[in-house]
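Q: Got a model open here. Can you walk me through it?

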Amino acid sequence: RSSTTNLTLNSLATLEPPLGKGWLLSCSSARASSLSTWSGTQRLELAPLPPDKILSLAERELGGPIDKELQEWLLSRAAGSVRRLRLYLFALRCGPLIAQTKGTWTWLGNAARPANYVEPILSGLSQGSDSDPKLLRAACLTEEPFPFEAVAHSAGLGEEEAELSIERLS
């Protein structure tokens, strides 16, 4: 998959952008280092965001303040990366491992701190309806964009059941 993406990006770079325009590519430093250097390009590597900016973004994403313990955990996991922060916030809400209590986001009870962002997502899926993983599996195997009815059918779900799964998963 990574090599396909790199081939696509390298092919795109051979195209001339419209007059007065250019291409903007945003990717991880690991991906950027595997791409060939294109003539006439400028490479700008962004530094990790400072902790105050990460926390400000986290509070905006969650819609409220975050307690100190959760702040410290998020900062250590995000490591200045907006992408990692969003993945962890999504995972923690899927768990669910965090909740808003008296207006402040905090850990739920004695919730175990996940080692990565995949654990709480899988845990949340296993606690949901049996139709949720079926729908996800079908969607992952379908080319994008895909008709909703086709994914529901390939998952063996009725339209209403598939719609409920989508609501739970989003």
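A: Contact here means heavy atoms within 4.5 Å. Among contacts between residues at least 6 apart in sequence, 54% join residues at least 24 apart.

Q: What should I know about the source and the numbering?
A: This is a predicted model: local features need pLDDT of at least 70, side-chain atom pairs count only at pLDDT 80 or more, and totals for chains, interfaces and linings use all residues. Residues are numbered from 1 along each chain as its sequence is written, and side-chain values use heavy atoms, with hydrogens and water left out.

Q: How many helices and strands?
A: The protein has 9 helices and 2 strands. These are DSSP runs, numbered from the N terminus: helices are H or I with at least four residues, strands are E with at least two. The order from the N terminus is α-α-α-α-α-β-β-α-α-α-α.

Q: What share of the residues is buried?
A: Buried residues are 28% of the 170. Buried means under 20% relative accessible area, exposed over 50%, partly exposed in between (1.4 Å probe, protein chains only).

Q: Which residues touch the most others in the largest nonpolar core?
A: I66, L70, L74, L85, L92, I98 and W107, out of 18 residues in that core. Elements giving two or more residues to this core are α3 (51-62), α4 (68-78), α5 (82-94) and β2 (104-107). A nonpolar core is a set of buried Ala, Val, Leu, Ile, Met, Phe, Trp, Tyr and Cys residues joined through side-chain atoms within 4.5 Å.

Q: And what does I66 touch?
A: Not counting residues up to four places away in sequence, I66 touches A58, E59, Q71, L74, T104 and W105. There is also a second, separate core of 7 residues, including L135, V151, L157 and A162.

Q: Switching to rings. How many aromatic pairs in the whole structure?
A: The search finds 2. Rings of Phe, Tyr and Trp (its six-membered ring) pair if their centres lie within 6.5 Å; planes under 30 degrees apart count as stacked, over 60 as edge-to-face, the rest as tilted.

Q: Why is the W73 and Y88 pair edge-to-face?
A: Because the planes of W73 and Y88 sit at 85 degrees, with ring centres 5.3 Å apart. W73 is in helix α4 and Y88 in helix α5, 15 residues apart.

Q: What about W73 and W107?
A: W73 and W107 are an edge-to-face pair too, 5.1 Å centre to centre with 85 degrees between the planes. This pair links helix α4 to strand β2, 34 residues apart.

Q: What else is Y88 in contact with?
A: Leaving aside neighbours within four places in sequence, Y88 contacts W73, L74, R77, A115, N116 and Y117. The C-alpha atoms of Y88 and L74 are 7.6 Å apart, at 14 residues along the sequence.

Q: Now backbone. What is the phi of A79?
A: A79 has a positive phi of about 50 degrees although it is not a glycine. Most residues other than glycine have a negative phi. A79 sits in the loop between α4 and α5 and is exposed at 53%.

Q: And K102?
A: Its phi is positive as well, near 55 degrees. K102 is in the loop between β1 (98-101) and β2. At 85% relative accessibility, K102 is exposed.
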